[in-house]
Amino acid sequence: MMNLKDAYTSCEKIIAMHSKSFYKAFSLLPKEKRKAVWAVYAFCRTVDDIVDEGSNSREELEQFKTDFQVFLTGDYDIENPMWVALADVFEKHDMDVEAFSGLITGQEMDLTINRYRTMEELLNYSYYVASTVGLMLLPILAPSKTAVLKEGAISLGYAMQITNILRDIGEDLEMGRIYLPEEVMEKYELHEDELRAGIVSPRFIAVWEELAETAELHYKKAFETINEYPLSSRVPVKGAALIYREILATIRIKEYKVFCEKHYVPDESKQAILACL
């Protein structure tokens with residue numbers, strides 16, 4: 001069986017490579033909580049990669065779903081660092097199994113749906129691919145406050161996912177996906193061919209800003225209960241949320257050029273945000 005310490009180190013490498021913002025923020029957690037977050041992130045990343053990079057995504061996701069159900073019975077690949085670390089996390093924390101299953105459901109949606117009609121449909125999708133992650137982390141970050149923090153965690157998921165969508169418009173187009181709701185595009189008379197041409201027009205900016213406003217509202221809602229987190233978790237969660245929200249400001253500064261480049265919050269800005277907490 002893989003050594004537990006090595007399993008956690010492997011999970012840490014995954015988050016350090018793929019999400020510098022989360023890694024920087026959650027590195028502030030106490031060691032045991034930090035390690036557990038790395039394991040959950042490795043699970044999320046594995047599912048995400050199956051859908052975005054798998055050679056036969058549908059079959060691979062079905063197999064992963066089966067593997068997870070088997071894992072819940074205590075049977076798993078003892079040489080796979082993610083399962084080894086996650087088994088330790090499930091043993092130590094009262095984890096929300098539904099949230100893990102929900103994330104897989106969200107990734108299944110990405111295999112069958114590449115267009116959303118309404119904002120409500122987009123928020124439903126965002127719940128499954130992002131809010132579930134917050135619900136997975138709550139038993140680790142605030143075990144005695146999961147009920148009071150649930151709505152805020154769901155809102156933070158909405159906010160972060162919409163932020164992702166607004167940052168990744170060009171990348172998603174290349175994969176044949178448009179997440180900007182049709183009803184919002186129609187409202188501002190933004191046509192798909194204009195999107196595909198990568199034109200930053202006043203119509204495009206109006207659509208982008210309407211979604212950004214929804215994201216901002218959900219960040220605000222998440223911050224309303226953020227002080228309910230124990231102090232050791234509050235700083236990393238608030239830091240991650242503020243860094244992510246800053247992506248919206250960064251895109252505005254870069255004049256909404258989201259079609260051919262991916263915008264990140266500069267390291268000095270991240271440091272400044274975390275220093276103020």
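The following conversation goes through selected features of a predicted model.

Me: What should I know before reading the values?
Reply: This is a predicted model, in which local features need pLDDT of at least 70, side-chain atom pairs count only at pLDDT 80 or more, and totals for chains, interfaces and linings use all residues. Residues are numbered from 1 along each chain as its sequence is written, and side-chain values use heavy atoms, with hydrogens and water left out.

Me: Let us start with the rings. How many aromatic pairs are there?
Reply: The whole structure contains 20 aromatic pairs. Rings of Phe, Tyr and Trp (its six-membered ring) pair if their centres lie within 6.5 Å; planes under 30 degrees apart count as stacked, over 60 as edge-to-face and the rest as tilted.

Me: Why is the pair F22 and F26 stacked?
Reply: The ring centres of F22 and F26 are 6.1 Å apart and the planes stand at 25 degrees, so this pair is stacked. Both residues belong to helix α2 (residues 20-26), where they are 4 residues apart, about one turn of the helix. Helices (H or I, at least four residues) and strands (E, at least two) are DSSP runs, numbered from the N terminus.

Me: Is F26 buried or exposed?
Reply: F26 is buried, at a relative accessible area of 6%. Buried means under 20% relative accessible area, exposed over 50%, and partly exposed in between (1.4 Å probe, protein chains only).

Me: And what about F68 and F100?
Reply: Their ring centres are 5.8 Å apart with planes at 20 degrees, so F68 and F100 are stacked. This pair links distant parts of the chain, with F68 in helix α4 (residues 57-72) and F100 in helix α6 (residues 97-112), 32 residues apart. F68 is buried at 0% relative accessibility, and F100 is buried with a relative accessible area of 0%.

Me: Which residues do ring pairs link into a cluster?
Reply: The cluster consists of F43, F64, F68, F71, Y76, W83, F90 and F100.

Me: Which residues touch the most other members of the largest nonpolar core?
Reply: They are F43, L180, F204 and W208, in a core of 96 residues. A nonpolar core is a set of buried Ala, Val, Leu, Ile, Met, Phe, Trp, Tyr and Cys residues joined through side-chain atoms within 4.5 Å. In soluble globular proteins, nonpolar side chains tend to be buried together.

Me: What is W208 in contact with?
Reply: Leaving aside neighbours within four places in sequence, W208 has contacts with L166, I169, L248, I251, R252, Y256 and V258. Contact means heavy atoms within 4.5 Å.

Me: Changing topic: how many salt bridges are there?
Reply: The count is 20 salt bridges. A salt bridge is a side-chain nitrogen of Lys or Arg within 4 Å of a carboxyl oxygen of Asp or Glu.

Me: Where do R45 and D49 lie?
Reply: Both lie in helix α3 (residues 31-53), 4 residues apart, about one turn of the helix.

Me: What about K187 and E210?
Reply: The side chains of K187 and E210 meet in a salt bridge at 2.8 Å, N to O. The pair links distant parts of the chain, with K187 in helix α10 (residues 182-187) and E210 in helix α12, 23 residues apart. K187 is exposed at 53% relative accessibility, whereas E210 is partly exposed at 22%.

Me: Which residues are linked in a network of salt bridges?
Reply: R115, R117, E182, E186, E192 and R196 are linked in this way. Within helix α11, E192 and R196 are 4 residues apart, about one helical turn, and their salt bridge spans 2.8 Å, N to O.

Me: Last topic: how many disulfides does the structure hold?
Reply: It holds 0 disulfides, a disulfide being a pair of cysteine sulfur atoms within 2.5 Å. The sulfur of C11 has its closest cysteine sulfur in C44, 11 Å away, which is too far for a bond. C11 is buried with a relative accessible area of 1%, and C44 is buried at 11% relative accessibility.
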